[in-house]
Amino acid sequence: MNKTTIIPPSGVSAPGESQRHPLDAFRFCPRCGHDPLSTEHERAVRCGVCGFLFFFNTAAASAAFLFHADKLILCVRAREPGRDKLDLPGGFVEYDESLEQGLQREIREELNIVTEDLTYLCSAPNDYLYAGVLYKVTDLFFTGVVKDIEGIEPADDVGGYVLVKPEDIDPARFAFPSTRTAFQYLLSLLPAYRHATYPHSRHSLSAEL
Ligand SMILES: [Zn+2]
């Protein structure tokens, strides 16, 4: 999706305006053109003429807290929503992809780096307002380790990247509340996570004991 080429249909809110329910973006039946569609329940519409029924299910997006030694690799968003704020590498899962495949692809596309291991961390709901349309999203967060960042190169649609210790990150700098929630959870697990990520330090500790 290229945000610069999408023109919202007339009548819908522009980016930055108050958020709408996803169903507000649809008025006519996409199968027979009948007006209006009736709301079946919170996330479904039904056409009273042809019976067309459509569910606006949540979209899945995956993102990763990638560690390089004791620092996180974070992206800087180049576009709205959340322009210039911090974000994780990741994005919407494509059709017929697994979460892990989608995440590996996004990491490769956005930063030109690879991570072999991805470990599930947690999930959180997210509202993604894009071109005046509200998408309800379930963000799934993973952790990973990137040993080699020599070839790291942000894509054109990524504003840049930063390497920063988790303790030095102000959560308010993240673009999305869901990322802040996951980040706080990551912070609470960090001592145990580092223990597991760097087993040599555990062995050193055992040797000392
Ligand atoms: Zn219809």
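Two strands pair if DSSP finds at least two bridges between them, where strands (E, at least two residues) and helices (H or I, at least four) are DSSP runs numbered from the N terminus. The model is predicted, so that local features need pLDDT of at least 70 and side-chain atom pairs count only at pLDDT 80 or more, whereas totals for chains, interfaces and linings use all residues. Residues are numbered from 1 along each chain as its sequence is written.

**Exercise 1.** Determine in which order the three strands of the open sheet lie, and which are its edge strands.

*Solution.* The order is E1-E2-E3, with antiparallel pairing. Strand E1 (38-41) and strand E3 (53-55) are the edges, since each pairs on one side only. Between E2 (residues 44-46) and E3 the antiparallel pairing runs over three bridges, and Arg46 stands opposite Leu53 in E3.

**Exercise 2.** Check whether the length of helix H1 (residues 99-111) agrees with its number of residues.

*Solution.* The expected span is 1.5 Å times one less than the number of residues. For the 13 residues of H1 this gives 18 Å, and because the end C-alpha atoms are 18 Å apart, the two agree.

**Exercise 3.** Find the buried residues of H1 and how they are arranged around its axis.

*Solution.* A residue is buried if 20 or more other C-beta atoms, placed from the backbone, lie within 10 Å of its own. In H1 these are Gly102, Leu103, Glu106, Ile107, Glu110 and Leu111. Seen down the axis, they fall within an arc of 135° (taken from the directions from the helix axis to the C-beta atoms), and they therefore line one face of the helix.

Conventions. Buried ≥ 20, exposed ≤ 12 C-beta atoms within 10 Å, placed from the backbone.
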